[in-house]
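Please look at the structure below. The briefing after it covers one ligand site and one interface between chains.

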Amino acid sequence: MNEVLKAVIAVDDAKVSFGAVKALDGVTLRVMPGECVGLVGHNGAGKSTIVSVINGGLTPHEGSVASDGERLERYGINAARARGVRCVFQELSLCPNLSIVENTRIMHRHLGGFGWRRRAAKIIETSLDAVFPGHGIDSGRAVGDLSIAERQMVEISMAFSNAGVAPRLVILDEPTSSLDASLARQMLDHVRRFVAAGGSVIFISHILHEILETSDRIVVMKDGRVVAERPAPGFDHHGLVEAMGTVAKEETAQRSTREQSTAPLILSHQTKGLPFTALKGEIIALAGLAGHGQTELLLALHAAQSGAWLPERDPLVTFVAGDRRLNGVFELWSILRNFSIASLGDLTRHGLILADEEQTKGVDWKRRIEIRTPDMANRILSLSGGNQQKVLFARALATRAPVVLMDDPMRGVDVGTKQEVYAIIREEAAHGRTFIWYSTEMDEVRLCDRVYVFREGRITAELAGDAVNETNIIAASFEGVAA
Amino acid sequence: DTSAKKIALSNNYAGNSWRQAMLTSWGKVTGEAVKAGTVAAADPFTTAENQATEQAAQIQNMILQGYDAIVLNAASPTALNGAVKEACDAGITVVSFDGIVTEPCAWRIAVNFKEMGRSEVEYLSQKLPQGGNLLEIRGLAGVFVDDEISAGIHDGVKQYPQFKVVGSVHGDWAQDVAQKAVAGILPSLPDIVGVVTQGGDGYGAAQAIAATDRKMPTIIMGNREDELKWWKEQKDGKGYETMSVSIAPGVSTLAFWVAQQILDGKEVKKDLVVPFLRIDQDNLETNLANTQAGGVANVEYTQADAIKVIESAK
Amino acid sequence: MTPLFGLFGKPWIWSWLAAFTVWFLTIMVTLGASTLGLSQAALTFAAFSVIVGIGQMFVITLGPGNIDLSVPATMTLAGTVALKLMNVENGMILPGLLIAIVLGLVVGLGNYALIKVLRIPPIIATLSMSFIVQSAAIWTNRGLRIKPPTMLAEFTTSNTLGVPNVAIVALLISLLAWFLLEKTIYGRWISAIGQSMPAARMAGIPVDGTRFVTYLFCAVLAAVAGYLLACFSGGAALNMGSEYLLMSIAVVVIGGTAVAGGDSNVPGIWGASLFMFLVVSMLNTYGVGAGIRLIMTGLIIISVIMLAGGRRAGM
Amino acid sequence: MTFRLSSDALRLAIPALSLTLLLAAVFWLQPRAMSYVGLNLLFNLAVPIALATIAQMLVMAVNDLDLSMGTFVSFVACVTATFLRDAPAVGILILAGAIAIYAGLGVVIHLRNLPSIVVTLGMSFVWGGLAVLLLPAPGGQAPDWVRWLMTVKPPLAPMAIVASIAIAAVAHLLVMRSSLGVLIRGIGGNQRSVERAGWSIVAARAGAYGLAGLFAVLAGIALVGLTTSADANIALRYTLLSIAGVILGGGEFIGGRVSPVGAVIGALTLTLAGSFLSFLRISPDWQIGAQGAILIVVLALRLMLNRLEKREKRR
Ligand SMILES: Nc1ncnc2c1ncn2[C@@H]1O[C@H](COP(=O)(O)OP(=O)(O)OP(=O)(O)O)[C@@H](O)[C@H]1O
Ligand SMILES: Nc1ncnc2c1ncn2[C@@H]1O[C@H](COP(=O)(O)OP(=O)(O)OP(=O)(O)O)[C@@H](O)[C@H]1O
Ligand SMILES: [Mg+2]
Ligand SMILES: [Mg+2]
């Protein structure tokens, strides 16, 4: 009872269901002042849902929310914000058409009155300086003009900013997914400082070492329940994976160097820096700090190889989106239609869609890549973020295109699924498929045969074989910074 | 002497055969006048969207272009008053016709639309003394000509109470709209003996009625060639009788000559009246022969005609 | 869920219910005596709205901002030129139809060229285009009304087994449209593009080609509608399409097609077209004046969308 | 660091440049226009259009579209020329009620999740009907103060220019600088995030629509001040004109990207384009088409300048 009295937020036995899906099946979660709670679980475990409950966006169908020992009957977004609950959502939740200052105005409702621009600028700049020292972001810029990493930095700083009501509990739902290692480091350091000063943090991430080193306590969720809860030192990487219930083979070891030079050239592209080439069966990583031209290269490769006017009979490339809201999912469609759209050419005769074959193929891939849904005819938006990503993966892999372009596709995919996907990629590569893979995660870069490192829009280094390691990549990423 | 004077035609709409005939007449008559050196220029301007605001801007541009007179077929009798006033203040002669304006500084060559509507019922009362049910096809709602003709028709019905208007639809002065509106109301109407119209919609009504098994009532026509031709066919076949009435598109040329006379220093009354052009059973053939295929029955005016009209108004 | 209840989830049901109600209220004035006449008239005139509406629906499906305002002008131009070419000769019926279709293709090409090459938003591109097309129609024969060939006039104004021929033509076109949307890869493509153009591009869909074909299709349907309407009403008039500007949009949106794109609906177009005709007939029949008639039409449109839209949001 | 224009400033530079070019062309064709009276004649009818464009822009800022702008302005014009003159209190009450209905539309559209296009399409019939009821035939008269306001001759610059600058300034303060403006544009940019920050979207949308109604009312009053009287169809073209004005001024259909100053410039450009054409003296057959052509040219100019902007950004 004493614990409940002290808790910043205490959720008791919360139950939430969406139709037949029990997103939360009796979750109890308490967050004490001055602690960072790590929240992990497979895709669709219910993490985002409990976040919605805590920030007031969703009223649980059963259970209660209490704060500072007081049971809150009419809990909502405004009540949460008044108690200092702040949230960083995984997808962009800033207004891209507004400047950073104006977004600050939106986020802080009570900032109004004459001269709010000056005050808002001060608030957000103070916070940016505190979380990401040396960020170099001008608060007058429109959010739409920022790179995805910069947006995420702004969003994180926004959550930690203080405009009257000091933040007490900051919820971070996969905040580092678009940040490179150094920015992620800065953020995690700030989380520790914030916690040390008495604040509370709920930290959700699929990057387990971040969770392990930053959290005080780790809560593991599975299928809408809390299945393990212990102080962080009580877990190690392996234990955490086990608790999440994923039977993952811990196999992030580097690929054995294969004899590649004999393979035929399949794709080449003139870039501003070093020339880009890809051989058949290769897995190529595009590395470097986030937002330095990797996505642009992928888009250019895709644009160069696909016709905008006539359908391609045998497309050379296919694409897995990372920013799925922007260029991935078709929101009105079922999972099946979302899956089949890229390979529809193979599922038609004289332009007519062969519904049975589409169905068969869909069911096949649902099984292969374990999409968590009772029925492929459900709407794509009924899937959790990670499962939507899997559908996009299946969409690309199901085509016959020999080259797969991947734009940081593992954002928000849980560890177990990642391992499965890695295995599929390796298998497909062995059969002669080429993967061109932009990733912000070093573990993934290390899986590749060859790495192009980007710096300011150009390829500045090419690493292959044993040279593919963290030190070399970081060195290449920061090359020329001093110059 | 008006040989140095420039006259402009401000026209609000070109989207039907009547307006096209009007523009053609203008081009023909003023072209000769310019060639003969009577006036220096007579340029026609048409707005794209049949809107008063657009036409007001057009008139303001004409002021800037330095025209001496503006001949005006207005989109609205009142909404152009501001622009017309500005033209007058700039010393420009404004002569409105067909769609006239109420601004006192402008001249008006008007057709008595009310009388036109009334005369339709009067004709019917002579042809069908026992009376009966009428269907009224109106024009475009909110436009003054529509209101005037309709008021005239209702006056006529008051005068000849043996008639009763049992249905009223808006045909927007377009054959296809009229056809559609009539087809929609027809099934629920009792027997009708006559259809009173505003011009440009008689053929559409005939088509709609022909599609049912009703007896063809007396449809007042609007001088379009297709209406006259249909009437001729019916007349030859079944002795069908009716009349046709409308304003002649060539009235634009009368307005042109009136403007020229005013520029020439003539004393002209602000309000002139032109008779509408009426075709009856006996002069149908001659009128039909004089009408261009697909066009509208027309009369063009000369300078002498204009002087006569001006004199008779005094 | 019972089948009947499932029916209420369909976005098109509301336009049909509305049409049926209005139809019923109208025939009740004559205690049913006008049933056949009214139904035939409704089918006839709905047919034209259906044909232009289907084209407009394909364009609207392409996503926010996609709309074709050149429909009326295209109808006018196609009708004018085709009738002029046919010149009342029965032998020229087919060439007349062909020239109408070709004109549709040209307008569609022009529309998409403006949209693609000059990056002009469709609403303005097609509006500009419509002015040019309207001018072209004026220029061709200055609004003279030429009669259609007798066979064609006969065909468009008569019935087969009590069903108006134009309605049969519209039905065939609707079936084609339904088939394209539901059964072919092209239908999937336009729906995908309507939901997200970047996503469609990245999924390997030939976005420009698909959009181009769609604008062509819309313009061709408008041209065909213009051709039929000109023959039906005994000659092309310069203002004959103007009614179909609002009409083509109204029947699409009342019919339950998503205005934001990606989701189209063929049956709804029929319901909405019948409704739009019948509501005017009903108000005319009840002798309501123009002002009240307009207000009622507006309120009915809003009520229909409230019923339909509200349900969908709740699902 | 080199000097870099913000994207907002660039968004403005483009329309401003096209207006300047067009103005230069007009002055060259008709030097008489280069005077106090000339400028007033060129631009005074742009004042109501500018107001309507701002109104449309407010609706577009929340990702909606108002298809009833033209009929609403017509309705307001009818009220102004009748009630506002004869019984000012009643007139003001009616206009306030109309603004309240606009705000109500925002609420309904949001709560029932309705497509704004359909609701405003319906409303366009309603306003049109009310206008016809008020003024079955054109007439009425502008209140004297309105007439005075629209014909006043301020020193230095003519009324049209002063009014345009004032409208642009007020709208800029309201939409770009105030908290409410930020909120409205925020809804256009990312409604979900605004909601998550605890704002009431319904209230904000009602605010946007209410403001739009207010500007549209001002447009109707200004229009009557210029024309001295009203009719039910007086401003129908304002619907498309206002949309075109927003687009010309650098606004976009979705995403809350709007520019009030740009919108005013867009309205001025559209008005000027018409004058430019009449100074060119084109054959009557093609006068309508030329209006389309000029729209295309102006928008193509926008594209050219946009390309320049992109190049600028890449550097
Ligand atoms: N709006 C919704 N409608 C239907 N089902 C939903 C909805 N939101 C969530 N769900 C379901 O609830 C479950 C929990 O989803 P939630 O987003 O909380 O998972 P998560 O743990 O955040 O997963 P991830 O790691 O992929 O983000 C999932 O099965 C999801 O499909
Ligand atoms: N418009 C919508 N309709 C229905 N459900 C939705 C909608 N938007 C989001 N959801 C559901 O809400 C849940 C949260 O989705 P969201 O995309 O925010 O996931 P996330 O956890 O933030 O992302 P990720 O885990 O992929 O990084 C998901 O289950 C998703 O399916
Ligand atoms: Mg989640
Ligand atoms: Mg997630």
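In this predicted model, an oxygen atom of ligand 2 lies 3.1 Å from a polar side-chain atom of Glu174(A). That is a polar contact, meaning a pair of N or O atoms within 3.5 Å.

**Ligand 2**
- Ser48(A) has a side-chain N or O atom 2.5 Å from an oxygen atom of ligand 2.
- A polar backbone atom of Leu383(A) is 2.4 Å from an oxygen atom of ligand 2.
- Ligand 2 taken alone exposes 630 Å², and the protein buries 70% of that (Shrake-Rupley method, 1.4 Å probe).
- The shell around ligand 2 has 14 residues, each with a heavy atom within 4 Å of the ligand.
- These divide into two nonpolar, seven polar and five charged residues; Asp, Glu, Lys and Arg count as charged, Ala, Val, Leu, Ile, Met, Phe, Trp, Tyr, Cys and Pro as nonpolar, and the others, Gly among them, as polar.

**Chains D and C**
- In contact (heavy atoms within 4.5 Å) are 40 residues of chain D and 39 of chain C.
- The two chains bury about 3,600 Å² between them, 85% of it on carbon and sulfur atoms; buried area is the accessible area (1.4 Å probe) lost on being put together, summed over both parts.
- One residue pair is in polar contact across this interface, both at pLDDT 80 or more.

**Conventions**
- Residues are numbered from 1 along each chain as its sequence is written, while chains are lettered from A and ligands numbered from 1 in the order in which they are written.
- Local features need pLDDT of at least 70, side-chain atom pairs count only at pLDDT 80 or more, totals for chains, interfaces and linings use all residues, and side-chain values use heavy atoms, with hydrogens and water left out.

Note on methods: A polar contact is a pair of N or O atoms within 3.5 Å; within protein, one must be able to donate a hydrogen and the other to accept it, and residues adjacent in sequence count only if both atoms are side-chain atoms.
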